[in-house]
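Have the structure open while you read.

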Amino acid sequence: TYLERLKNGEGRNARAPMMAAAKRVRSIVAELLEEVAGTVRPWESPAHANAVVRIAQELRAAAGVVHGQASDLVLRAARLEAEWQGVLLAKSLPVQFDFARVPEAQLAALVRRPVDGKPLADWTDGIAQFGLGGVKEALNRGLTRGAPVGEIAAEIRSVLDVSTRAAETITRTAVTHASSGARQEFAEQNAD
């Protein structure tokens, strides 16, 4: 129950930097659309190139915050789980037994251990890459079709919502990864 609460709460917290970045990205897109209105081939304009650079910076910065939060969370969750394993086993055994603690270095190593095949940094970088790719595609598709501003904005909002949900999912998965890894480390430390 506590682990689920931690995952849910921290998952919601991971949404905040992405939501803030999404708001700034929508503002950048709105400025761009206003600036290039009525121009021929707006997707080739310096204003478009500048907007894409700014959008990339916003999304990468937000993904960096998510990565930092998730890394700290992995270590915190691993510490809590390793401690909990000792408490749980001590209460369930009919005799007094002192369990070996998991060294801090081993718990810290969980931050670098791949999560579902990839390092945590790759997962969080993927949030920014997906968001940037999706925003550029939606923007360019809308500009080439001459779509109304509202339609372009709605498509971009949808892409950014996916990135925000991805940040939450990655964070929740990182907590599960930390908990599982800490249980394994605790078991190895107390194999006797």
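H2 passes H5 in a right-handed crossing, meaning that the near helix is turned clockwise from the far one by less than a right angle. Keep in mind that this is a predicted model, where local features need pLDDT of at least 70, side-chain atom pairs count only at pLDDT 80 or more, and totals for chains, interfaces and linings use all residues. Residues are numbered from 1 along each chain as its sequence is written, and side-chain values use heavy atoms, with hydrogens and water left out.

**H2 and H5**
- The contact (heavy atoms within 4.5 Å) involves residues including Leu59, Val66 and Ala70 of H2, and Leu160, Ala167 and Thr171 of H5.
- By class, the residues of this H2–H5 contact are 16 nonpolar, 4 polar and 2 charged.
- The axes of H2 (residues 46–92) and H5 (residues 149–189) come within 7 Å and cross at roughly 30°, so the two are roughly parallel (angles under 35 degrees).

**H4 and H5**
- Helix H4 (residues 120–145) has an axis that comes within 9 Å of the H5 axis, crossing at roughly 170°.
- H4 and H5 are therefore roughly antiparallel (angles over 145 degrees).

**His177**
- His177 sits in helix H5 and is buried, with a relative accessible area of 14% (buried means under 20%, with a 1.4 Å probe and protein chains only).
- Leaving aside neighbours within four places in sequence, His177 touches Leu110, Arg113, Pro114 and Val115.
- A polar atom of the His177 side chain lies 3.4 Å from the backbone oxygen of Arg113.

Note on methods. Axes fitted to C-alpha atoms, helices over the stretch in contact; angles between N-to-C directions. Helix = DSSP H or I, 4+ residues; strand = E, 2+ residues; numbered from the N terminus. Parallel < 35°, antiparallel > 145°, perpendicular 65-115°, else oblique. Nonpolar A, V, L, I, M, F, W, Y, C, P; charged D, E, K, R; others polar. Buried < 20%, exposed > 50% of the residue type's maximum accessible area, 1.4 Å probe, protein only. Polar contact = N/O pair within 3.5 Å; in protein donor to acceptor, adjacent residues only side chain to side chain.
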